[in-house]
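Subject: Structure handover

Hello,

I am passing this structure on to you. Please look through it first; my notes on what was found follow below.

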Amino acid sequence: EQTIQLIQDVASIYQQCMMEAASLTNEQLDKVVPLGRREVPARAILYNMVAHPREHAIHLQKVLQKTGSPASQPSEAQLILGAAAESFGALSGLIARTSDDDLDKEFEGHSLRKVLEHVKFAYGLYLNGIQQAKKL
């Protein structure tokens with residue numbers, strides 16, 4: 001489906017940005033760099049990465065409403081999935097600032113690796129349950 005491919009394309013470049021930006025130093029954030037036809041501090045690019053998706057989420061919601069799309073009136077499942085995506089985004093944002101050196105650091109018997117493996121396992125259970133529900 002075209003929509004899924006487009007979202008995957010956006011997610012791919014987003015991931016590249018996250019990986020590259022995670023190791024920027026404070027000094028590098030001050031460096032003025034090109035952004036389209038203008039030049040801005042690198043810090044401004046990261047702030048754009050915060051504001052720009054929110055701006056367009058609101059914009060797209062308006063487009064959906066004004067065009068009468070069924071997507072402008074989400075189902076309960078779609079509303080829950082929106083919240084799940086935000087929640088996963090919070091987790092991804094936290095992980096974006098870590099490195100492989102952090103994976104096995106433990107506190108109270110928990111490490112990043114163990115917790116992420118637990119989350120991965122849980123998503124496997126979720127997927128199975130969702131697939132089973134669709135068979136009803």
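Helix H1 (2-21) and helix H3 (42-66) each contribute at least two residues to the lining of the second largest pocket. Please keep in mind that this is a predicted model. Helix H3 gives the most to that lining, with four residues. The space in the second largest pocket comes to about 160 Å³. Its lining consists of Cys17, Ala21, Leu24, Gln28, Lys31, Val33, Ala42, Ile45, Leu46 and Met49. By type, these lining residues divide into eight nonpolar, one polar and one charged.

Next, the strands. Strand S1 (residues 32-35) pairs with strand S2 (residues 38-41) in the antiparallel sense, over four bridges. Valine 32 has proline 41 in S2 as its bridge partner, while leucine 35 has arginine 38 in S2 as its partner. S1 and S2 form a hairpin, and two residues lie between them. Glycine 36 is in the turn and has a positive phi of about 65°. On strands in general, side chains alternate between the two faces of the sheet when the strand is regular.

On salt bridges, a search of the whole structure finds four.

Phe88, Phe121, Tyr123, Leu125, Tyr126 and Ile130 make a nonpolar surface patch of about 650 Å². Which helix supplies the largest share of the nonpolar patch? Helix H5 (residues 112-134) does, with five residues. Tyrosine 126, one of the patch residues, is found in helix H5.

Regards

Conventions:
Residues numbered from 1 in each chain as written. Predicted model: local features only at pLDDT ≥ 70, side-chain atom pairs only at ≥ 80, totals over all residues. Heavy atoms only, no water. Pairing = 2+ DSSP bridges. 1 Å grid on protein atoms, 1.4 Å probe; cavity = no way out; pocket = protein on both sides within 12 Å on 5 of 7 lines; lining within 4 Å. Points joined across faces, edges and corners; volume = space filled by probe spheres on them. Nonpolar A, V, L, I, M, F, W, Y, C, P; charged D, E, K, R; others polar. Patch = residues over 30% accessible without salt bridge, like charges linked within 9 Å, V, L, I, M, F, W, Y side chains within 5 Å. Areas by Shrake-Rupley, 256 points an atom, 1.4 Å probe, with all protein chains shown as cover. Salt bridge = Lys/Arg side-chain N within 4 Å of Asp/Glu carboxyl O.
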